[in-house]
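Hello,

Here is the structure I promised to pass on. Please open it alongside this email; my notes follow below.

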Amino acid sequence: MKVKSLLIVYKEKDEEFFKHLKGLIDAKDDGENGAVGTEDGTVRPFKCSEKQWLKHKEKEGRIDKLADKFLFIDDIKDVLIPDPIYNNYGISYGPVDRRNYVILIDEKFEWNEELYNQFQGELKQITDVTLAETNAYARGENAKEGLKKKGPFLALGLLFPPALAVAGPLVAKDASDAIKNYNVLRSQMLYFAITKVYLEELDAFMKQ
């Protein structure tokens, strides 16, 4: 059984998603009916922040020696966007070539209640992370309504968090809640994408 190395490249703020994928890969979850996700013991994951990755790229020939395969989580600088094999809920992923795989999320994706409920239902089916239970859409709508009622700082507070300091304590609280909720929704999208890639795509990619 050949073991292949997988370098997982992520933004500095996203180490939790590397840990999530590593946990899935390292789990002894295969059973009598076959492999779950990657075949147990065939993939050795390593971590690499975007900052480290860019330093490696500066050295000619360095990248080829780092690992057998590479997986990029979200928008990593200078990484090509693939022709996705999955594109739904603002989430896309797919191989760039035989060695490189990319997971991307659209942070400006426009949700509606029906679509979000469908997404959350699928999220709960494939992962048991506590975050899956949070209704990010409802929380986000509540925060938006609070901002609309309290003043003209809606767009300013959401787009530029430093403006919260001058928005007044009540407006600032609602804007802060909206920003926190945005982070929850982004995390849900990434947990969904990473888990789905592990369950449905990663084994075949690693064995190419």
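Tyr 86 is in contact (heavy atoms within 4.5 Å) with Ile 91, Ser 92, Tyr 93, Phe 192 and Lys 196, leaving aside its neighbours within four places in sequence. This is a predicted model: local features need pLDDT of at least 70, side-chain atom pairs count only at pLDDT 80 or more, and totals for chains, interfaces and linings use all residues. Residues are numbered from 1 along each chain as its sequence is written, and side-chain values use heavy atoms, with hydrogens and water left out.

Tyr 86 lies in strand β4, residues 86-88. Strands are DSSP runs of E, at least two residues; helices are runs of H or I, at least four; both are numbered from the N terminus. Tyr 86 is buried, with a relative accessible area of 14%. Buried means under 20%, exposed over 50%, partly exposed in between (1.4 Å probe, protein chains only).

Next, Ser 5. It is found in strand β1, residues 4-10. Ser 5 is buried too, at 13% relative accessible area. Not counting residues up to four places away in sequence, Ser 5 touches Arg 44, Phe 46, Ala 67, Asp 68, Lys 69 and Met 206.

Now helix α3. Which of its residues are buried? Tyr 116, Phe 119, Gln 120 and Leu 123 are. They cover an arc of only 100° around the axis, which puts them on the same side of α3. The arc is that of the directions from the helix axis to the C-beta atoms. On the other side of α3, Glu 114 and Gln 125 are exposed.

Best wishes
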